[in-house]
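Visitor: I would like a quick tour of the voids and helix packing in this model. Where do we begin?

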Amino acid sequence: MSGKNKKHRDADAAAQVPALPEPMSNKAYDKELKRLHVELVKLQQWVVAKGLKVCIVFEGRDGAGKGGTIKAITERVSPRIFRVVALPAPTEREKTQMYIQRYIPHFPAAGEVVIFDRSWYNRAGVERVMGFAKPEQVEKFLNVVPMVEKAMIESGIILLKYWLEVSPEEQERRLRDRIDDGRKVWKLSPMDVKSFDKWDDYTVARDDMFAKTDSSWAPWFVARSEDKKKVRLNVISHLLAHVPYEEIPAEKVKLPKRKIGRVKAADYPFKYVPEKY
């Protein structure tokens, strides 16, 4: 093959490789996030007015971006309506209970949106991979949980389950970033380190979980999270599309006139914070 033909062949091969998508600019991200936040506020008002019960589950590998996505959802809505639940390791008493029992008290009541930052699916993931649950316990959980979720749906709960999918390369980059950034080091738990070399085990656990619990009444939705900005926008947009809501008409609030200066401020030696900036 001549050098010219080889050059053309290499160029053709390169052209067939899909280019990586361009990262989203901060300006574009902030603009779209602001628009979606307005819609989340409308959703919040509708949930309260109609007494809806919404339960959102976030699962995924360590470093997949669950925390950042949840923060993007909740940063402009009321924490009294959008409640985030991130349960610690079970107590000795809770270990003796029916497995799902400690999650049930946190299920939403009317007018609430409850977001689980990891959920009852811990049994299918970290507990299975790290050996905290016996194989028969995991199998029993996977067989029972679809019926529990069907009971949730039949009780009027809108249940959305999200799995954030990240590549091993991006996961490692994010975990190393946590080590090197003093602002993020608290995010790196001993469990993250122990499970770092168990990628394949988590893949098997994920696939088994999907096969057993991806039901027609409570399906799993997978969101690619290589780009943190895009996954946050995609999940919020999907959430808004899957919880029916309408904007509640309301008159624009007008501040009343007020009079200032009728009271003389006390001559008190206030202890001011030093203005270093």
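Guide: We begin with cavities. This is a predicted model, in which local features need pLDDT of at least 70 and side-chain atom pairs count only at pLDDT 80 or more, while totals for chains, interfaces and linings use all residues. Residues are numbered from 1 along each chain as its sequence is written, and side-chain values use heavy atoms, with hydrogens and water left out.

Visitor: How many cavities of 30 Å³ or more does a search of the whole structure find?
Guide: The grid is 1 Å, over the protein atoms alone, and a cavity is a set of points where a 1.4 Å probe fits but cannot get out. Points are joined across faces, edges and corners, and a volume is the space filled by probe spheres set on them. At 30 Å³ or more, the search of the whole structure gives one cavity.

Visitor: Which element gives the largest share of the lining of the largest cavity?
Guide: Elements are DSSP runs numbered from the N terminus: helices are H or I with at least four residues, strands E with at least two. Two or more lining residues of the largest cavity come from each of β1 (53-60) and α9. The largest share, four residues, belongs to α9.

Visitor: Which element gives the largest share of the lining of the largest pocket?
Guide: A pocket is an open set with protein on both sides within 12 Å along at least five of seven lines. The largest pocket holds about 1,600 Å³ of space. Among the elements giving two or more residues to its lining are α3 (66-74), α9 (199-213) and α10 (228-242). The largest share, six residues, comes from α7.

Visitor: How many charged residues are in the lining of the largest pocket?
Guide: The lining has 49 residues, with Asp 62, Asp 117, Arg 118, Ser 189 and Asp 192 nearest the centre. Ala, Val, Leu, Ile, Met, Phe, Trp, Tyr, Cys and Pro count as nonpolar, Asp, Glu, Lys and Arg as charged, and the others, Gly among them, as polar. By class there are 18 nonpolar and eleven polar residues, and the charged ones number 20.

Visitor: Are α2 and α10 roughly parallel or oblique to each other?
Guide: Axes are lines fitted to C-alpha atoms, for helices over the stretch in contact, with angles from 0 to 180 degrees between N-to-C directions. Under 35 degrees counts as roughly parallel, over 145 as roughly antiparallel, 65 to 115 as roughly perpendicular and the rest as oblique. Helix α2 (residues 26-50) packs on α10 at about 25 degrees, axes 10 Å apart. So α2 and α10 are roughly parallel.

Visitor: Is the crossing of α6 and α9 left-handed or right-handed?
Guide: The axes of α6 (residues 135-154) and α9 come within 9 Å and cross at roughly 40 degrees. The pair is therefore oblique. A crossing is left-handed if the near helix is turned anticlockwise from the far one by less than a right angle, and right-handed if clockwise. The crossing of α6 and α9 is right-handed.

Visitor: Which residues of α10 make the contact with α3?
Guide: The α3 and α10 axes come within 9 Å and cross at roughly 55 degrees. That makes α3 oblique to α10. Contact means heavy atoms within 4.5 Å. Gly 68, Thr 69, Ala 72 and Ile 73 of α3 meet these residues of α10: Val 231, Arg 232, Val 235, Ile 236 and Leu 239.

How values were computed: On a 1 Å grid over the protein atoms alone, a cavity is a set of points where a 1.4 Å probe fits but cannot get out, and a pocket is an open set with protein on both sides within 12 Å along at least five of seven lines; lining residues have an atom within 4 Å of a point.
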